[in-house]
Amino acid sequence: MYEACIGLEVHVELDTASKAFCSCPVKYKAELNSCVCPVCMGLPGAMPVLNKKIVEYAVRLGLALNCSINTISQHARKNYFYPDLPKGYQISQGAKSICTDGYVEINGRRIRINRIHIEEDAGKLIHTQKETLVDFNRAGVPLLEIVTEPDIRNCEEARLFLETVRNTAVSLGISECRMEQGQLRCDVNVSVRKKGDDALNERCEMKNINSFSAALRSIEHDVARQLEIVKSGGSITRETRRWDDIVQKSVLLRSKESEGDYRYFPEPDLPPIVIDEEWLKKIKTEMPEPFLEKTERYKAMYSLSEYDAITIASDVNYGLLLDTAMKHGADAKTVANMLLGFISHIVNERAMETAQIPFDGKSLAELSILVCKNEISYTAAGKVIEIMFDTNLSPQEIVENNNLGQISDETALEKTAKAVIEKNTKSVCDYKKGKMNALGYLVGQCMKETKGKANPALVKKMLEKLLEEME
Ligand SMILES: [Zn+2]
C-alpha cells in the first residue's frame with residue numbers, strides 16, 4: 001500500500017493600497033505599465049522601503065494559522081532571471097521568515113505549516129500569436145507565501161486546506177483571494193511512499209496553478225503518474241512540471257533546481273523587520289475575528305451545524321448580518337436558513353456581491369421574530385426578503401402592505417385543506433397506503449393555495465385530521 005505526501009505553497013496577493021516596497025498603487029485593472037516607478041522596475045540606485053501594512057497582514061495570518069511570530073525577521077534576495085522580473089531578483093525571505101511553525105487542523109489531522117513569508121510578485125507576460133509582451137503593474141505587489149510540510153494525504157485534504165487559507169485571509173481583511181484575478185495561486189509538490197515509511201521520497205513540483213480545481217486535478221494526476229512509475233519498479237526524479245489544465249496533463253518544465261541555485265542572500269537595501277511587543281499587541285487588538293475562530297463561535301454560541309457555521313463564517317458580510325441579527329434578538333437557525341436559502345439565492349441570481357445586500361442584521365432579526373411568533377410563515381418570509389432587496393421598507397411594513405400575515409384561522413385552513421384533498425386523490429391514496437411524503441406534498445399544495453400564508457404546522461395537523469376521518 002502506498003500513500004501520497006503532498007505539500008502546498010500558497011501565494012496570497014495582499015489588498016494593500018500600494019506595492020510592497022514603493023508607493024505605486026496596486027490596481028488589478030489599470031492601463032498596462034502605468035503603475036510602475038524606478039523601485040519596482042529595478043532601476044539602478046532606487047531604494048526599496050517596506051510597506052508596514054504587509055507586516056501587520058503577515059502577523060494577522062500567522063496568528064490565525066497558529067504560527068510563532070518572529071520578532072526579528074529578514075528580507076532576502078532570491079536571484080533568478082525571467083523576463084517578468086526586471087530586477088533580476090525577487091525580494092523574499094530566506095531562513096528568517098516572519099511566521100514559522102503553524103498548523104491547520106483538517107478532519108482532526110494537523111497539517112503543519114513550515115512558514116509564512118513576505119515576498120513581492122513578478123510582472124505578467126502576455127503571449128500573443130506574434131510576440132510576448134510584459135506588463136510590470138504586478139511587479140512588486142505584496143504576497144504572503146504559506147508553505148506547508150508534506151502532510152496532506154489526498155485531494156480532499158488539499159481542498160479543505162486551500163479553502164481554510166482562503167476563508168482565513170478574507171476574514172482577516174488582508175486579501176479578497178479572487179482566484180480569477182490571480183490573487184490566490186499555489187504550487188503543489190507531490191511524492192509517494194510505502195505506507196508506514198517515515199522517509200520522504202523524491203518529489204515533483206507543479207507551479208503556478210490558479211484554481212482550486214486545477215490544483216486538485218494536478219495532484220490526482222501526478223499521484224497516479226508516480227504510482228505507475230514506482231509500481232513498475234522505476235524511480236521518481238526530482239523535477240518541476242507544468243500543469244496544463246486544458247489537456248489535463250503535466251509536462252516536464254525543468255529538472256528541479258535546489259534552494260542553492262537561487263543564491264539567497266540577505267537583502268542589503270532593507271533593514272530587518274523588528275516587531276516589538278507593543279506593535280504585536282496593537283496588531284492583535286485591531287485584528288478581525290479569523291475564520292476558524294468565528295466558525296467555532298457560531299457552533300458554540302448559536303448552536304449552528306458545522307455546515308451552516310462554515311458557510312456563514314466564510315463570508316464576512318453574512319457573518320456580520322448574522323451577528324447583528326443575534327444582537328437584536330433573532331433566532332439563529334431561522335436567520336441561518338434565510339441567509340443560506342432565500343438571500344444567497346437572490347444574491348446568486350442577481351450576480352451581486354454580498355456586500356451589496358441592501359438591508360442590515362436588525363431587519364433580519366425583525367423578520368426572524370415574525371416567523372418565530374408564527375405571524376408569518378417561513379415561505380412568506382422569502383417574499384418579504386425579495387421585497388427587502390428592492391425597497392427600504394421594514395419587514396413589518398412589507399407584511400402589512402402585501403397582506404402576508406399567516407393564516408392561523410382554522411375554518412379558513414379547513415376549507416383550503418378540503419379543497420386540496422379533493423383535487424389530489426392520488427396523493428390521498430398514496431398517503432392511505434402509508435407513503436408519508438404524500439402528506440408533505442399535500443401540505444405544499446395548501447401553502448401554494450394560500451400563497452405561502454398558511455401556518456404549515458396547522459395545515460399539517462388539519463390534513464392529518466381530515467385524512468383520518470376519510471374512509
Ligand atoms: Zn513602484
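Predicted model: local features only at pLDDT ≥ 70, side-chain atom pairs only at ≥ 80, totals over all residues.
Residues are numbered from 1 along each chain as its sequence is written.

Helices (H or I, at least four residues) and strands (E, at least two) are DSSP runs, numbered from the N terminus. Let's start with helix 3, residues 212–231. Its buried residues are Ala214, Ala215, Ser218, Ile219, Asp222, Val223 and Gln226; buried means 20 or more other C-beta atoms, placed from the backbone, within 10 Å of a residue's own, and exposed means 12 or fewer. The face turned away carries the exposed Ser213, Ala224, Glu228 and Lys231. Just after the helix, glycine 233 has a positive phi of about 90°.

What does the buried side pack against? Among its partners are strand 1 (2–13), helix 2 (155–171) and strand 11 (184–194).

Strand 11 deserves a moment: 9 of its 11 residues are buried. Strands pair if DSSP finds at least two bridges between them. Strand 11 runs antiparallel to strand 1, with 11 bridges, and pairs with strand 12 in the antiparallel sense over 4 bridges.

Finally, valine 188: its bridge partner in strand 12 is methionine 206. Valine 188 also touches Ala215, Ser218 and Ile219, among others, where contact means C-beta atoms, placed from the backbone, within 7 Å.

How values were computed: Contact = placed C-beta atoms within 7 Å. Lists of a residue's contacts leave out its neighbours within four places in sequence.
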